[in-house]
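Please read these points with the structure open beside you.

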Amino acid sequence: MRDPAYDVLFEPVPIGPVVAKNRFFQVPHCNGMGYRDPRACAEMRAVKAQGGWAVVCTEEAEIHYTSEVTPYIEARIWDDADIPALALMADRVHQCGSLAGIELAYNGLDGSNLHSRVAPQAPSALPVISGSSHPVQARAMTRRDIANLRRWHRQAVDRSLRAGFDLVYVYSGHSLGAAHHFLSRRYNHRSDEYGGSLHNRMRLLRELLEDTVEEAAGRAAVACRVTVDETMCRDGIDRAEIEEVIGELGEIPDLWDFVPGTWEDDSVTSRFSAEAHEEQWVRGLKALTSKPVVGVGRFTSPDTMVRMIRQGILDFIGAARPSIADPYLPAKIEQGRPEDIRECIGCNICVTGDYTMSPIRCTQNPSMGEEWRRGWHPERYRPRHADERVLVVGAGPAGLEAAMSLGKRGYQVTLAERSRTLGGRVASESRLPGLAEWIRVVDYRLGQISQLDNVEHYLESDMTADDALDHGFAHIAVATGSAWRRDGVARWHTRAGAMPTGTLELLTPDDIMSGTRPQGGRIAIFDDDRYYMGGVLAELLRSEGYDVALVTPEPLVSAWTVNTMEQHRIQARLMEAGVELHTSTAVSAVLDDGLRTECVFTGRESRIDAAAAVLVTARLPVDGLLQELSARRDEWTGRGLTSVRAVGDALTPGTIAAAVWDGRRYAEELEAPTDDADSTPYLRELTALDR
Ligand code: ADP
Ligand code: SF4
């Protein structure tokens, strides 16, 4: 039974002609699958509907070929041929008891049209603003172009209704929709009735809203997603303007969805924002309209959700990431077990699916993106195939996930951990600046394991091959993790010995995380890993008073975090903190009193004085136990052992998300591993050819 304090979250709320059964609203979010993987999308959304979200939306759906965002893979509703794929999603969401929403997008200035090759159209002639700086300019729309856009939008509304959607979005948010560009002084330099005054700049948004309401004709609700503050711009939409917009247009749609700035401002990582950080932008806007309001804020705490409703900030608890990390979040609150919520950690690995055009993945929820193609479910597990005992060695993210999943499958599991704490790398990394929320990866799994009688765990239990072989386990998972290299090998130097080393004190991230500190005052960090670790250690050591020089072969610090939408924040934070940045630079040699560096373009050499260096390079699997067990294969049968496999970083070092995923995969495939499979062990969407 749920806590009565949360009853308010389960009140039905009308949205125009439809009624949401509760206040949980999965707002539109990208997933790297889109039009390419319609079945995968449909099943991913269906699982959220099963989990209790009253409204489940698509990602943005491009409405016309004249505005498309290739290479990114979103939904498409260009013409009738796109209807079946979208109808599949709407049908599955309906079957699972929820309303289906679609976000219609005409990207305009944000679409480079690399697929269609036609000139993008925008309020003014400007270079397209998509992140990749493609050499493409948009042309200024004529009145005829605007009339075309309105007609195409109406056609997309009609198709959405035919696909079965209950709610249709007009998209003026995130700098991804044309109506946003028209609203913004930053992009709209027109002198006709669509430019100049705010009244004129909001004309297109008004027209699209009125057209959509008319076209929907009470058969579906109309939502408007609008950017309420272009936080990063000097001349963008500001609070006063958006109050005027809501004041004028507030009663036209059936629902408002408020977002700050761009997607980067909206989906901020936990390193740079806390739960409900968007309150500052959204608070007070609801009073300007009688229509319900949805907003996000990486909400995972039911108490915060209730506060949002009680204080009149929101009517719906919007979520993208919390619904990705836990599609069953509403159901768990309703069933009175909020402690079972798999809380989003705010790492934005989910965003990297969209940025790398690959199916969405999630650190906390390894079934994300695997619902259709592998049949994984966030809450349901196949029962065990035999009454067997499994030993999992190592309680990092991979070991914890493997032990939990095997336990849920009904296996008898022993989890052995060498150290005095559970969590492996997550326990260490979550103590670094800004990464505290990552401990949720451990907390969730420990919480689940504590509810399982068939999973026992032992701390300070350093397993040797003898120990592992002695107890009659049928399967052994070696989840013993990885160690940061000390020899400079990563992407720049690919062979040990390629980077000559003098007597300078050399440390690795493992040393720093276990508390070792260099003697001297100035530290150089060589970041050839290029994800978050180098930047985080620079921040940590700087905060402790060291002079820090950060060297990376990339032109940007923590370059891969472009894909988690936080690179610009990391770079700003390090610059503000006074970290000396040496980008496009590699370390060619470690000297006795510093580093010799080289420009990655010219090879021109330079040097950095330092009393110590931290090498953030590659990692090596810690797989001694695996090697030893493999060498003693002839003893397996006599001891009842049938399989030994390295899992997570012990197999190959990667992200925490990859370790969790591999833990799940191990548990899913225990009785039938697919490592040697001749055919692809998961479903793919294939284009059917006529001949
Ligand atoms: P992953 O990311 O793959 O889960 P981690 O490095 O986070 O890997 O975790 C590996 C865990 O395994 C660490 O907590 C480490 O202490 C533990 N470990 C390593 N070797 C052994 C061993 N021989 N016996 C028990 N635990 C071990
Ligand atoms: Fe949250 Fe990270 Fe999962 Fe995204 S990948 S939903 S940010 S835990």
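**Notes on packing**

1. Helix 1 (residues 38-50) packs against helix 2 (residues 83-95) at an angle of about 20°, and their axes are 8 Å apart. Helices (H or I, at least four residues) and strands (E, at least two) are DSSP runs, numbered from the N terminus. Axes are lines fitted to C-alpha atoms, for helices over the stretch in contact, and angles run from 0 to 180 degrees between N-to-C directions. Helix 1 and helix 2 are therefore roughly parallel to each other (angles under 35 degrees count as roughly parallel, over 145 as roughly antiparallel, 65 to 115 as roughly perpendicular and the rest as oblique).

2. The model is predicted: local features need pLDDT of at least 70, side-chain atom pairs count only at pLDDT 80 or more, and totals for chains, interfaces and linings use all residues. Residues are numbered from 1 along each chain as its sequence is written, chains are lettered from A and ligands numbered from 1 in the order in which they are written, and side-chain values use heavy atoms, with hydrogens and water left out.

3. Which residues of helix 1 meet helix 2? They are P38, R39, A42, E43, R45, A46, A49 and Q50, and they meet A85, L88, M89, R92 and V93 in helix 2. By class, this contact of helix 1 with helix 2 has eight nonpolar, one polar and four charged residues (Ala, Val, Leu, Ile, Met, Phe, Trp, Tyr, Cys and Pro count as nonpolar, Asp, Glu, Lys and Arg as charged, and the others, Gly among them, as polar).

4. Helix 19 (residues 533-543) and helix 20 (residues 567-577) have axes that come within 10 Å and cross at roughly 25°. That makes helix 19 roughly parallel to helix 20. On the helix 19 side the contact (heavy atoms within 4.5 Å) is made by G535, A538, E539 and R542, and on the helix 20 side by R573, L574 and A577. Three of these contact residues are nonpolar, one is polar and three are charged.

5. Five strands form an open sheet with parallel pairing, in the order 16-15-14-17-28 (two strands pair if DSSP finds at least two bridges between them). Strand 16 (455-458) and strand 28 (643-646) are the edge strands, each pairing on one side only. From one strand to the next, the twist averages 15°.

6. Strand 17 (residues 475-478) pairs with strand 28 in the parallel sense over four bridges. In this pair, I476 stands opposite V644 in strand 28. Helix 22 (residues 656-668) packs on the sheet and touches strand 14, strand 17 and strand 28; the direction of helix 22 makes about 165° with that of strand 28.
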